[in-house]
Structure formats: structure tokens, C-alpha cells
Amino acid sequence: MTDSPNARNRLRETLSSVFAIAAIAAVLGTAANVISPRRIPWVEDWSHYIEARALQEGMTLITTAEAWEYFQRGTHIFLDARSDAEYRQERIPGAFSLPFMAMEEKMPEVQFLLGPSFPIVTYCSGETCDESFLVAVELRKQGMTNIVLYAGGMEKWVEAGHPSERGP
Amino acid sequence: MRRAAVLLSAVLLAVVFLVACIPKIASPHDFAVAVFRYQVLPYGLINIAAVYLPWLELVTALALLVPGWRRGAALIVLLLLAVFAGAMTFNLLRGVNVSCGCFSVSDEAASSGWWNVVRNLVLMAAAWIVFRAPDSKGLTDRAE
């Protein structure tokens with residue numbers, strides 16, 4: 001590329017328009033978020049977002065200790081809401097795969113296990129994923145009433161030193 | 001011919017970005033959730049991104065239709081698409097299963113896949129055509 005006055009002018013013009021576009025967007029975005037009835041806080045604590053959403057929906061959350069207890073007693077079906085690949089890589093032993101993104105296709109494989117009041121635990125990768133929550137909401141819509149959400153998910157399960165399994 | 005390709009690319013990108021920004025501007029909280037689900041930004045930046053990104057898309061889309069602003073807008077489009085493609089690739093590689101959040105902010109939107117990355121690369125090619133085009137005077141001279 002030549003370093004001619006023309007090229008420099010073009011670069012200057014391009015950068016000027018980049019800054020102008022960014023500035024206009026910044027003004028509009030700020031104004032919209034100040035006056036809009038749908039404004040959101042500028043900063044929000046997302047670390048407990050899933051738990052907060054689950055509680056809003058009236059869902060029961062369980063700790064890792066409770067999940068471990070249910071696992072040992074064998075009283076609950078564990079449903080893994082992550083992708084197939086994650087499920088195959090590592091999961092809670094005996095858990096069934098029900099990825100939220102493929103619920104329609106996967107549902108027939110697990111439906112026979114799920115009676116309306118059968119105790120179910122849903123989980124995904126950890127506190128920053130919401131597939132387990134979304135699966136729980138969907139199952140409730142389908143009439144299942146006894147669902148608890150293990151928001152700590154695989155991350156906390158492994159961190160606590162509990163066993164896991166892999167494979168198809 | 002070249003002029004037509006530049007105009008077509010600019011209009012295509014403008015339409016894509018306009019369509020993409022509408023649901024995000026209409027539902028900033030839902031878009032913030034979509035950003036959160038990507039798990040790539042620190043929590044303190046999620047809402048900031050959700051507030052400003054859709055407006056940047058909107059102003060950029062309109063700027064693509066203004067000859068004097070087109071190159072700057074194309075540069076922004078290139079950067080945005082590169083960031084989006086990078087975030088999608090990162091999540092696909094680490095197995096995080098989230099919806100794209102590109103044209104819909106619904107929880108139930110289809111999961112992001114390699115197709116979304118390819119689409120972004122195609123759009124980046126269109127943005128490159130616009131960015132590398134001679135200014136409108138040069139195009140006019142050539143057309144004549």
C-alpha cells in the first residue's frame with residue numbers, strides 16, 4: 001500500500017467515520033437505556049442469575065451435598081442437559097442425556113423413565129449454564145412436578161471429588 | 001460491475017445488521033441473557049455489551065448506506081463479525097451449547113453451530129469488498 005497523501009486521507013476519513021459511528025451509537029444506547037421502560041442495570045451480578053431465575057419460577061435448588069445424597073440413595077433420575085459431546089466426555093454416573101438444544105429428538109429416549117411425580121435432578125456444566133434450568137422448565141410444562149435443579153452442575157460435582165463416568 | 005458488487009454487499013450487510021439489531025433493542029434483558037450464555041465476558045461487561053452492541057449494529061447498518069461513511073462502517077462490521085465468529089468458535093470447540101443470539105434472543109433459538117461461523121465468514125468477505133472499494137468518486141470515474 002502506498003503511503004501517499006491520498007491513502008492517508010482515506011485512512012483519516014475511515015477512522016473519523018468509525019469514531020463518529022461509535023459515538024452516535026454510544027449516545028443512542030445511553031439515551032435508550034436511560035429513558036426506556038425496558039432499561040437494564042448498567043452492571044448486574046450474574047453470578048447467581050440461574051439460581052435467581054429458578055427461585056422466581058418456584059423451583060427447588062439443591063446443593064452438591066444433597067445431589068450426592070440423592071445419587072447414593074438412588075432416589076432420583078439425573079438428567080444431563082448439556083450437549084451430547086459434553087455428556088460423553090464426563091457425566092454423573094447413571095445420568096441420562098437430555099440436551100436442552102435437542103430436547104424434542106431426545107425426549108422419546110427418556111420419556112418412559114419419567115412419570116409425572118418421579119423425582120428428577122437436572123444439571124449442566126456449572127453455575128454459568130442455564131440448560132438445566134431450561135430443561136426443568138420444559139419438563140414442568142410437560143406435567144412433571146417433582147424436579148429439582150442442581151445448579152452447581154458437573155463443575156461442583158467433580159470439585160467435590162464425586163465419581164464421574166464417560167463414554168456413550 | 002465492481003460498483004454493483006460493492007453496493008450489493010453494502011445493502012446485504014445493512015439488511016443483516018438491521019434485522020439482527022431489532023430484537024436486541026426491543027428486549028435488552030433477553031439479549032443480556034444471550035450474552036451471559038456465551039460465557040465469554042466478565043459479568044461486569046455483560047449489560048454494557050447488551051446496551052451498546054445493538055445500537056452499534058443499527059448505526060453501522062445505516063452508515064453502510066451512506067457513501068462517505070461506508071468504509072468506516074465496513075471496518076466496524078469486519079471487527080464485529082470477527083469477534084462474533086471468534087466467540088462462536090471458542091464455544092463450539094469447548095462444547096458450550098448456546099444459541100447464536102444473532103437474530104433472536106429467545107432461550108429456545110436454535111443452537112449455534114459451524115454453519116453460523118461460516119455465515120459470518122461469508123459476511124466478512126462482503127464487508128471486505130465494501131472496505132476495499134475505491135471511494136465513491138473513484139467508482140464513478142471507473143464506471144464512466
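# Report on a two-chain predicted model

The domain assignment of chain A gives domain 1, residues 1-44, and domain 2, residues 46-159; such bounds come from an automatic or database domain assignment. The centres of domain 1 and domain 2 of chain A, taken over C-alpha atoms, are separated by 43 Å. The model is predicted: local features need pLDDT of at least 70, side-chain atom pairs count only at pLDDT 80 or more, and totals for chains, interfaces and linings use all residues. Residues are numbered from 1 along each chain as its sequence is written, while chains are lettered from A and ligands numbered from 1 in the order in which they are written.

**The sheet of chain A**

Chain A has an open sheet of 5 strands with parallel pairing, in the order S1-S5-S4-S2-S3. Strands S1 (60-61) and S3 (96-97) of chain A stand at the edges with a single partner strand each, so one side of each has no neighbour in the sheet. Two strands pair if DSSP finds at least two bridges between them.

| Strand pair | Bridges | Sense |
|---|---|---|
| S1(A) and S5(A) | 2 bridges | parallel |
| S2(A) and S4(A) | 4 bridges | parallel |
| S2(A) and S3(A) | 2 bridges | parallel |

A:Leu61 has A:Leu149 in S5(A) as its bridge partner. For A:Ile77, the bridge partner is A:Ile120 in S4(A). A:Leu79 stands opposite A:Phe96 in S3(A). Between S2(A) and S3(A) the chain crosses through H4(A), and this β-α-β crossover is right-handed; that is, with the strands pointing away from the viewer, the path from the first strand over the helix to the second runs clockwise.

Strand S2 of chain A covers residues 77-80, with A:Ile77 and A:Leu79 pointing one way, A:Phe78 and A:Asp80 the other way, and all of them buried. A residue is buried if 20 or more other C-beta atoms lie within 10 Å of its own, exposed if 12 or fewer, and partly exposed in between, with C-beta atoms placed from the backbone.

**Helix H2 of chain A**

In helix H2 (residues 49-56) of chain A, the residues A:Tyr49, A:Ile50 and A:Ala54 are buried. Seen down the axis of H2(A), the buried residues fall within an arc of 130°, so they line one face of the helix; the arc is that of the directions from the helix axis to the C-beta atoms. An α-helix has 3.6 residues a turn, so residues three or four places apart point the same way. A:Ala52 and A:Gln56 are exposed on the other side of H2(A). The buried residues of H2(A) pack against S1, H6 and S5 of chain A, together with helix H2 (28-38) of chain B. After H2(A) comes A:Gly58, which has a positive phi near 75°.

**Where the chains touch**

In all, 33 residues of chain A are in contact with 31 residues of chain B; two residues are in contact if their C-beta atoms, placed from the backbone, lie within 7 Å. On the chain A side, helix H1 (5-35), helix H4 (84-89) and helix H6 (131-141) each supply at least two residues. H1(A) gives the largest share, 13 residues. The side of chain A that touches chain B divides into 18 nonpolar, 7 polar and 8 charged residues. Here Ala, Val, Leu, Ile, Met, Phe, Trp, Tyr, Cys and Pro count as nonpolar, Asp, Glu, Lys and Arg as charged, and the others, Gly among them, as polar.

**Chain B**

Chain B has 6 helices and 0 strands. Of its 144 residues, 45% count as buried. Among contacts in chain B between residues at least 6 apart in sequence, 69% join residues at least 24 apart.

B:Ala127 is found in helix H5 (residues 114-132) of chain B. It counts as buried because it has 25 C-beta neighbours inside 10 Å. Leaving aside residues up to four places away in sequence, B:Ala127 touches B:Leu13, B:Ala74, B:Val77, B:Leu78 and B:Leu81.

B:Gln39 lies in the loop between H2 and helix H3 (43-63) of chain B. Although B:Gln39 is not a glycine, its phi is positive, about 55°. B:Gln39 counts as partly exposed, with 17 C-beta neighbours inside 10 Å.
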